[in-house]
Amino acid sequence: MQKSTAPSSLWRPWTPITQQAHSLRIVEAKGNRVRDAEGNWYLDGISGVLNASCGHGHPRLIEAATRQLEQLVHYDPMVSSHDPAETLASRLAETLPGELNETVLLNSGSEATEAALRIALQFWRNKGEDRDRVITFEAAYHGTTYLAQQLSGLPFTVSEWAPPFPIDHVSLPASPRDMRTQEAADALIGLFAAALEAGPPAAAVMVEPLLGLGGCVVFPEGFLARLRQLCDQHGTLLILDEVFCGFGRTGRMFGFDHDGITPDIVTMSKGISGGYLPLAAVTVTSSIKETFVREPIAQGLRYGHTTGGHAVAAAVGNTVLDVMADEKLVENSAAQGAALLEGLGELASSPLVTDVRGLGLVVAIEADSAESGDAIAAAMARAGVLARHERGVIRIAPPLTLTGADTEEILQAIGTAVDVTAAARG
Ligand SMILES: Cc1ncc(COP(=O)(O)O)c(C=O)c1O
């Protein structure tokens with residue numbers, strides 16, 4: 001992989017200052033592939049920013065954006081609604097289960113977390129109940145705005161500033177690779193039960209269907225169903241963060257569909273617009289929205305953004321739903337994900353690999369150390385496949401348009417990368 005060394009005034013977030021200058025520069029993307037400034041093409045194993053679920057340069061998405069740009073770019077969401085946003089909200093209501101009918105449109109996953117928390121806390125005030133405690137995973141990642149970052153207890157995202165309301169973190173009872181057993185599921189549910197019982201009644205429990213940034217931790221089947229039951233027992237709202245898993249990533253439309261549950265609040269972003277434009281959504285049940293009639297300041301939801309539910313982004317979001325249905329992307333995610341995971345089973349014999357786990361087209365290879373993870377990811381890029389490496393965990397989340405030949409190519413690149421890394425160790 002050639003690296004650009006040209007000086008840059010761009011300050012890229014979450015990247016050490018010393019590494020800013022020596023970065024890959026992507027200049028073009030088509031289908032499941034991206035090209036760097038040196039002319040090298042790669043298979044995009046990370047879907048842009050884990051969001052290009054329909055692949056890059058999809059003609060139908062470009063056409064939808066162009067048509068909407070020509071007709072109406074956007075209009076003040078406080079003064080008027082517009083067709084793309086109205087249509088997207090009703091289509092989400094049709095797609096989501098149960099009474100999840102009421103949608104707020106925003107720009108980013110972090111904003112969706114922010115809105116979900118404000119809605120949850122205001123819901124209890126509207127009902128006249130004094131609940132503001134929120135329970136999350138310690139290894140959660142729900143975004144990077146002030147409130148969202150408070151929810152994470154991960155050492156690399158943890159905030160230095162105090163949270164404005166009590167947040168209790170639940171730690172994993174076992175290592176990520178040991179989290180798929182029934183005993184781990186029982187222990188985890190026990191920890192959530194203890195957290196719910198340990199303080200004043202909790203306003204909400206907020207979780208991801210699998211822990212993305214927190215090490216790509218896949219939970220045992222039935223975990224979310226048991227968590228749903230626990231929340232019901234305590235009258236606590238269950239918020240599902242589907243920013244990463246939503247829209248087919250895990251081989252079902254939403255991550256919580258694996259357990260057949262209905263959360264009270266769902267946050268979405270990334271795949272909702274296939275990454276073509278900034279778009280996010282928070283959908284809540286009708287009974288949550290109804291309490292806002294009694295909201296004391298009579299202003300409805302006091303949270304929103306100028307470009308929230310941008311007409312062009314919403315138009316693309318509607319076409320993403322069409323593309324996903326027409327191209328059977330959820331089914332493809334399940335099929336290619338299963339093939340990828342099965343093929344990676346061969347890595348079990350490598351001393352450099354301590355675990356391979358995944359669900360749909362989210363696959364993680366856990367290396368024996370951060371150094372091995374770095375070396376394997378770099379060798380994969382040299383073999384033509386981009387992946388993401390964080391603290392020993394290599395994440396692969398390619399577009400849901402992945403073909404069987406692409407899956408083979410990823411498997412070959414990983415096999416070569418692990419062999420090359422092992423050989424270099426001697
Ligand atoms: C599960 C989850 N929630 C929230 C976010 C934050 O989304 P954004 O980066 O769009 O603010 C992310 C981003 O990676 C995420 O993975």
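**A surface patch, a ligand site and salt bridges**

Val79 counts as exposed because its relative accessibility is 61%, above the cut-off of 50% for that class. This value, like those that follow, is computed from a predicted model. Val79 is found in the loop that runs between α2 (59-71) and α3 (83-95). Together with Tyr75 and Met78, Val79 makes a nonpolar surface patch of about 380 Å².

From this patch the reader may turn to the ligand. The residues that surround the ligand are Ser108, Gly109, Ser110, Tyr141, His142, Gly143, Glu208, Asp241, Val243, Phe244 and Lys270. By class, this shell comprises three nonpolar, five polar and three charged residues. Several of its members can be followed to individual atoms of the ligand. In the side chain of Ser110, an N or O atom is 2.5 Å from an oxygen atom of the ligand. Tyr141 takes part through its backbone, where an N or O atom lies 3.4 Å from a nitrogen atom of the ligand. The side chain of Asp241 places an N or O atom 2.7 Å from a ligand nitrogen. The ligand taken alone exposes 390 Å², and the protein buries 80% of that area.

The charged side chains form a further topic. Side chains of opposite charge can pair when their charged atoms come close. In this model the count of salt bridges comes to 20. One of them joins the side chains of Glu28 and Arg35, with 2.7 Å from N to O. Glu28 counts as partly exposed because its relative accessibility is 22%, and Arg35 belongs to that class because its value is 23%; the class lies between the limits of 20% and 50%.

Another salt bridge brings together Glu409 and Arg33, at 2.9 Å from N to O. This pair links distant parts of the chain, since Glu409 belongs to helix α12 (residues 404-425) and Arg33 to strand β2 (residues 33-36), 376 residues apart. Glu409 has a relative accessible area of 30% and is therefore partly exposed; Arg33, with 26%, is partly exposed as well.

Glu102 and Lys289 also meet through their side chains in a salt bridge, at 3.1 Å from N to O. Here too the pair links distant parts of the chain: Glu102 lies in strand β4 (residues 100-106) and Lys289 in helix α8 (residues 286-290), 187 residues apart. Lys289 counts as partly exposed because its relative accessibility is 46%. Elsewhere, salt bridges with shared partners join Arg177, Arg180, Asp355, Arg357 and Glu366 into one network.

Methods:
Residues are numbered from 1 along each chain as its sequence is written. This is a predicted model: local features need pLDDT of at least 70, side-chain atom pairs count only at pLDDT 80 or more; totals for chains, interfaces and linings use all residues. Side-chain values use heavy atoms; hydrogens and water are left out. A residue is near a molecule or strand if one of its heavy atoms lies within 4 Å of it. A polar contact is a pair of N or O atoms within 3.5 Å; within protein, one must be able to donate a hydrogen and the other to accept it, and residues adjacent in sequence count only if both atoms are side-chain atoms. Accessible areas come from the Shrake-Rupley method with a 1.4 Å probe; for residues, only the protein chains shown count as cover. Ala, Val, Leu, Ile, Met, Phe, Trp, Tyr, Cys and Pro count as nonpolar, Asp, Glu, Lys and Arg as charged, and the others, Gly among them, as polar. Patches are made of residues with over 30% relative accessible area and no salt bridge: like charges are joined within 9 Å, nonpolar side chains (Val, Leu, Ile, Met, Phe, Trp, Tyr) within 5 Å. A salt bridge is a side-chain nitrogen of Lys or Arg within 4 Å of a carboxyl oxygen of Asp or Glu. Helices (H or I, at least four residues) and strands (E, at least two) are DSSP runs, numbered from the N terminus. Buried means under 20% relative accessible area, exposed over 50%, partly exposed in between (1.4 Å probe, protein chains only).
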